[in-house]
Amino acid sequence: MLLQDKVAIITGAASARGIGRATAATFARQGARVVVIDLDEAAARDAAISLGEGHLGLAANVADEPEVARAVARVIEHYGRIDVLVNNAGITQPLKTLDIRPGDYDRVLDVSLRGTLQMSQAVIPLMRQQQAGSIVCMSSVSAQRGGGIFGGPHYSAAKAGVLGLARAMARELGPDKVRVNSIAPGLIQTDITGGLLQDERRHAILDGIPLGRLGEAQDVANAALFLASDLSAYLTGITLDVNGGMLIH
Ligand SMILES: NC(=O)c1ccc[n+]([C@@H]2O[C@H](COP(=O)([O-])OP(=O)(O)OC[C@H]3O[C@@H](n4cnc5c(N)ncnc54)[C@H](O)[C@@H]3O)[C@@H](O)[C@H]2O)c1
């Protein structure tokens, strides 16, 4: 098993069809003790229970620094170590540039970018002390190709920010044996689009995907497993594209 006895925190892992939940289930099957962090306490707990024995579900808004600090303190109290953090929580909005209001900007940037920073800040001291750790950050193909799928430009900016943050943290934390990598998923079938992606648009998107299908949450979970485990021991600062060839660069 690739994550035997490792403690892995995954944010945004309560959503039943989401990338975070698929990642949590994949990590649990590989022997990890998984901490599901999500907005709603009952949903996070239920998700943890769905993984089997020995996992933990905690409520925290990743954009809220005191909530993040409290949740991570509980993880440390419970397990005594943190081996993996997957910064997966994110939201999107299909807005055009001129329609983005300050509140929209704050909401989208706060979850993906501030959340990634704050969660990472909360686990880094312990990972440093352990001289071991893997942080995986969820970006998006929309950061690389300039949006155009579902999220607005503020979503692309948030996800491009995640790439920059992850790369800079990778450089800074390498000497402490803490690896930081990103995943850039293409279009993955989850609930994030809220059913707003209509069939016609879907067909047009499929035409641009060499592998001829949309992504599954499991496709991204498998990439997260690779980056979380020692299979990727010599990788840091990379961006792993999981997009069926939608963007080849
Ligand atoms: N689905 C896609 O096509 C796609 C493509 C590229 C990137 N992504 C990214 O992958 C990640 C997961 O997306 P998904 O499609 O599984 O979405 P999803 O909506 O199914 O799941 C997102 C989860 O994040 C949680 N969340 C939202 N705000 C939060 C906050 N402030 N604090 C804690 N949890 C919060 C939600 O409750 C939900 O459980 C996101 O970062 C998303 O931007 C998704």
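Analyst: Happy to! Helices (H or I, at least four residues) and strands (E, at least two) are DSSP runs, numbered from the N terminus. Counted that way, the protein has 8 helices and 7 strands. This is a predicted model, where local features need pLDDT of at least 70 and side-chain atom pairs count only at pLDDT 80 or more, while totals for chains, interfaces and linings use all residues. Residues are numbered from 1 along each chain as its sequence is written, and side-chain values use heavy atoms, with hydrogens and water left out.

User: What makes the radius of gyration agree with a compact globule?

Analyst: The radius is taken over C-alpha atoms, and the globule rule is 2.2 Å times the number of residues to the power 0.38. For 249 residues a compact globule would come out near 18 Å, and the protein has 17 Å, so the two agree. Along the principal axes, the C-alpha atoms fill a box of roughly 50 × 35 × 35 Å.

User: Why is aspartate 104 called buried?

Analyst: Buried means under 20% relative accessible area, with exposed over 50% and partly exposed in between (1.4 Å probe, protein chains only). Aspartate 104 has 13% relative accessibility, so it counts as buried. This residue is found in helix α4. Contact means heavy atoms within 4.5 Å, and, leaving out residues up to four places away in sequence, aspartate 104 touches Gln93, Leu95, Asp99 and His154.

User: Why does threonine 92 count as buried?

Analyst: Its relative accessibility is 16%, so threonine 92 counts as buried too. Threonine 92 lies in the loop between β4 (84-87) and α4. Among the residues it touches, not counting those up to four places away in sequence, are Phe150 and Tyr155. Over the whole protein, buried residues make up 51% of the 249 residues.

User: Why is α4 called roughly parallel to α6?

Analyst: Axes are lines fitted to C-alpha atoms, for helices over the stretch in contact, and angles run from 0 to 180 degrees between N-to-C directions. Angles under 35 degrees count as roughly parallel, over 145 as roughly antiparallel, 65 to 115 as roughly perpendicular and the rest as oblique. Helix α4 (residues 102-130) and helix α6 (residues 153-173) pack at about 15°, with their axes 9 Å apart. That makes α4 roughly parallel to α6. The contact includes Asp104, Tyr105 and Val108 of α4, and His154, Tyr155 and Ala158 of α6. Its residues divide into 12 nonpolar, 5 polar and 4 charged, where Ala, Val, Leu, Ile, Met, Phe, Trp, Tyr, Cys and Pro count as nonpolar, Asp, Glu, Lys and Arg as charged, and the others, Gly among them, as polar.

User: And what makes α1 and α8 oblique?

Analyst: Helix α1 (residues 19-29) and helix α8 (residues 217-228) pack at an angle of about 50°, their axes being 8 Å apart. α1 and α8 are therefore oblique to each other. Residues of this contact include Ile19 and Phe27 of α1, and Ala217 and Leu225 of α8. By class, the contact has 9 nonpolar, 4 polar and 1 charged residues.

User: Which hand does the crossing of α1 and α8 have?

Analyst: A crossing is left-handed if the near helix is turned anticlockwise from the far one by less than a right angle, and right-handed if clockwise. α1 passes α8 in a right-handed crossing, and the crossing of α4 and α6 is right-handed as well.
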